[in-house]
Amino acid sequence: MYSYSDFDEAFVRARVAQFTQQVERRLDGSLTEEEFRPLRLMNGLYLQLHAYMLRVAIPYGSLNPGQMRQLAHIADTWDKGYGHFTTRQNIQFNWPKLPDVPAILQALADVEMHAIQTSGNCVRNVTADHFAGAAADEIADPRPYAELLRQWSTDHPEFQFLPRKFKIAITGSPNDRAVTRAHDIGLRMVRNAAGQPGFEVMVGGGLGRTPMIGVTVREFLPEADLLPYVEAVLSVYNTLGRRDNKYKARIKITVHETGAEEITRMIEARFAELRPLFGGNDQKLLADIREAFAPPAFRNAPTDAYDAFHSADPVFRAWADTNLTAHRNAQYAIVTISLKAHGETPGDATSAQMRLMADLAEKYGHSDLRISHEQNVILPHVHKSDLPTLHAALMQAGLATANVGLLSDIIACPGMDYCALATARSIPVAQELATHFEALKLEHEIGPLKIKISGCINACGHHHVGHIGILGLDRAGVENYQITLGGDGTETAVIGDKTGPGFAYTEIVPAIERILRAYLALRLEPSETFLQAFRRVGMDPFKVALYETEGAQDAA
Amino acid sequence: MSRRFTPKVVTANLLREGDVVYLTADDRWSPHHHEAELIEDEAHAQMRLLHASAQKLLVVGAYLADAKAGAHGPEPTHFREAFRTRGPSNYPHGKQADLV
């Protein structure tokens, strides 16, 4: 994995020193809150509902064990012993005190981490497929491109004050696990007719109050042109983007108002200007970065132990069948550690759990950890013969929940339990859904299902692209939950359809149960997933189940 | 037509800790909502908000929040303010735990 260059190291240390002085000046009154607020936000520090919140970047979701242990140390020393992994591959600490933040940033810098550009109208943390460099279906590892974009965008003088925040996601596989179509720029690796790798470039995706799927502005961009092309997109957006209205400032609105054809023409024209200016230095840098992402030295060993456990141990088998993904090396597996134990907060990990995952990554996972946008932790390279031991260790720590891709593997934003912007809670809804369906023992019967919950219209919980999406709102001083169905965040992305009036807090779990019982009744066979069934039958049978059942309550 | 004034409390977050606090009638900042001064006069509310906002080395983001009289002092009338009195509901690890 990538290690900081001398430049990176000096840059991050200088920022810590600068922010340390800014905090001191705020505390002694030399800076007002109005002056300080943009400075703290530039360093990832928010003031939320109950406390400060520090958002730390995990570039393209990659961590080494030392970094994970440092996050645990921060959680223990300056927070409440846990951290929250987010849908953009960040970690958030919910309880830091302002005078402690410089020390936290120093501790992050000690392990080549920072909180720069995790807030503000700039290019945010570049996210990537959490199975990068391991997935069997991958064309190329997207992390070197993501790292190139990170270096290019960090403190880029032209792009520090964009009309709004800007999010880039990248996948090296044609199968999209990075929700690229719901990002300001989505990059999906494909091959052209000659078999050469390159990118489909999508622009103007985004969720929030105006959810949109990105439009493809380039079917095939040669990989060597990535940086000038992304810069061209940013450049056009920086010129055209609406600064008069923050609700219309994201590039999705620019694309919509300008038209896909015209914005494509403008991007291509700007690209033609920019491309000669790059002169190949970006490619030299990319080649250096690539070396840092060389695959680990895979071990050649028998996998009999795995096969034996899989046949003999039903608990191990259930976990293996849901939480493992095919690796490019048939002797290896990609392990997803679920942070969604039934009844727990999606994405939270205690410091003890973080340390254990770091240890396991070191022992069994070639010292590689990833954070997924689905708020789980990935060990991308585990030899199959180590899986039974790994599973036993995870069981002891309460980290072996066999639910990846199932109902309780819910994405939930922090909602009104933490977030100052939220209009309703989302975490308790996720907790109740998981425990309710665990009690009903229906989770495995229902099969693959993505439920995503947001506590406000900003859609940090990606509810628009959930097979079942739940949006918490404030309706006349009462929590109210709207349901959308049929959303999809993959390469076949689509925004879900609203079912109708929302439901009160106490009614949302029974409402979801009615939807899922309707699905079980109407599916053609157990292998027909919820999303497939929805696409076959449409909204009507689910609306009937939701609204025409005795006891259904319209709280809108 | 202007809206009828409803009772308020002054609330903010502590600058250093970030904790939610309430302005009391004797000019303290209390972590307890029920110790807040319940303000029933609009002009007085504006004066108290100005007083709070001027304390730039103590608190951040002071504002007036709707409240009502309760058996033990002011009570919040909106669920957002109710959550602010006790902390997150997912674990008992916020204000509700600290204040026990």
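Two exercises follow on a predicted model, each with a worked solution.

**Exercise 1.** Work out how many residues of chain A and of chain B are in contact, how much area the two chains bury between them, and which elements of chain A supply at least two residues of the side that touches chain B.

*Solution.* Begin with the contacts: taking heavy atoms within 4.5 Å as the cut-off, 35 residues of chain A meet 25 residues of chain B. Next comes the area, since the size of an interface is often given as the accessible area lost when the parts come together. Here chains A and B bury about 2,400 Å² between them, with 57% of that on carbon and sulfur atoms. On the chain A side, the residues that lose the most area to chain B are A:Leu49, A:His50 and A:Met416, which together account for 22% of what that side buries. Turning to polar pairing, 15 residue pairs are in polar contact between the two chains, both residues being at pLDDT 80 or more, while the count of salt bridges is zero. Finally, helix H1 (6-27), helix H14 (427-440) and strand S19 (478-485) of chain A each supply at least two residues of this side, the largest share, three residues, coming from H14(A). By class, the side holds 17 nonpolar, seven polar and eleven charged residues.

**Exercise 2.** Locate the domain that UniProt lists in chain A, and describe the helix and strand content of its spans.

*Solution.* The unreviewed UniProt entry lists "Nitrite/sulphite reductase 4Fe-4S" at residues 119-272 and 410-544 of chain A. Residues 119-272 are 31% helix and 18% strand, with end C-alpha atoms 31 Å apart. For residues 410-544, the content is 36% helix and 19% strand, and the end C-alpha atoms lie 25 Å apart.

Key:
Residues are numbered from 1 along each chain as its sequence is written. Chains are lettered from A and ligands numbered from 1 in the order in which they are written. This is a predicted model: local features need pLDDT of at least 70, side-chain atom pairs count only at pLDDT 80 or more; totals for chains, interfaces and linings use all residues. Side-chain values use heavy atoms; hydrogens and water are left out. UniProt positions are given in the numbering used here, feature names are shortened, and annotations may be inferred rather than shown by experiment. Helices (H or I, at least four residues) and strands (E, at least two) are DSSP runs, numbered from the N terminus. Buried area is the accessible area (1.4 Å probe) that two parts lose on being put together, summed over both. A salt bridge is a side-chain nitrogen of Lys or Arg within 4 Å of a carboxyl oxygen of Asp or Glu. A polar contact is a pair of N or O atoms within 3.5 Å; within protein, one must be able to donate a hydrogen and the other to accept it, and residues adjacent in sequence count only if both atoms are side-chain atoms. Ala, Val, Leu, Ile, Met, Phe, Trp, Tyr, Cys and Pro count as nonpolar, Asp, Glu, Lys and Arg as charged, and the others, Gly among them, as polar.
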